[in-house]
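Visitor: Hi! I'm new to this one. Could you show it to me and walk me through the aromatic rings?

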Amino acid sequence: MTLFKTILIIKIGDNMKIRKSVLKTLNLILTLVCIAGIVYSGYHIIEWYKNTQENNNLKNELSKSIEVVKGKKTDDEKINIDFENLKQQNPDTVAYIKVKNTNIDYIVVRGQDNSYYLKHNFNKEWNIAGWIFADYKNRLDDTDRNIVVFGHDTKDGSMFGTLKETQNIEWQEKKDNQIIDFVTEMGQYKYQIFSTYIVEPEEYYINTNFISVEEYKEFVNTIKVRSTYDYKVEVNENDKILTLSSCTPNGTKRVVVHAKRLENSK
């Protein structure tokens, strides 16, 4: 064997050792990354479960401030909310909302921005399930053209986790489902759903300020046409609107519900 062949064999052997060492290191790194991912995911699943349980318990506690007085008809229900007691617990309390045949039955708060209650619950405690909250620009003094209410989509169906039910034809066709109860300190209101759809993230449908009647009229017409179901409800520039917004399960789009206030519902 020549000297050249000997050197070549030695180099090849060394390269193979290096390659095995590199592959071993890469496999170790990939294993550690996978383990870290599993631990991270597991932590968030546990945190979500814990936080949603806390909120469910909190919801049950707050229900003591909600009194539903049955009438002869469903439409005759009187909903009394103890706003004084609720505001002692959280001054941000502004309303109560209920959407039939969903789990949406919550006291509504309003923060100084639209971020705080995405990660805090009614007691202002850190909570990744957040709480149901109105747009910070809404006044809730009976002058708002478009009251916007937000909530997280959750896997356990709490918060706005069942808002997506409004996109199902079986839900949409039931007349009773189409009336939303919304109570503020100004009074008890009923809203008739006229548009439901899923849209890319945007600011348009959550607009609360309109510079003219014409702009508002265009807004109303636009959000009505977007509906994937024809509710056969007339809406015009004189109507006041309630808008509900949440994410789709994968978080890439928005589930939207629009309803108009019914006359004499106060």
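Guide: R261 lies over the face of Y189, at 4.0 Å from the ring centre. A charge sits over a ring if NZ of Lys or CZ of Arg is within 6 Å of the ring centre and within 35 degrees of the ring normal. This is a predicted model, where local features need pLDDT of at least 70, side-chain atom pairs count only at pLDDT 80 or more, and totals for chains, interfaces and linings use all residues. Residues are numbered from 1 along each chain as its sequence is written, and side-chain values use heavy atoms, leaving out hydrogens and water.

Visitor: And which ring does K59 lie over?

Guide: That's Y106, with K59 at 4.4 Å from the ring centre.

Visitor: Now ring pairs: how many aromatic pairs does a search of the whole structure find?

Guide: Ten. Rings of Phe, Tyr and Trp (its six-membered ring) pair if their centres lie within 6.5 Å; planes under 30 degrees apart count as stacked, over 60 as edge-to-face and the rest as tilted.

Visitor: Why is the pair of Y116 and Y117 edge-to-face?

Guide: Because their planes are at 85°, with the ring centres 4.9 Å apart.

Visitor: Is Y117 buried or exposed?

Guide: Buried, at 1% relative accessibility, while Y116 is partly exposed at 29%. Buried means under 20% relative accessible area, exposed over 50%, partly exposed in between (1.4 Å probe, protein chains only).

Visitor: What about F210 and F219?

Guide: Their ring centres are 4.9 Å apart and their planes at 55°, so that pair is tilted. F210 is buried at 18% relative accessible area, and F219 is buried at 1%.

Visitor: Which residues do ring pairs link into a cluster?

Guide: Y204, F210, Y216 and F219.
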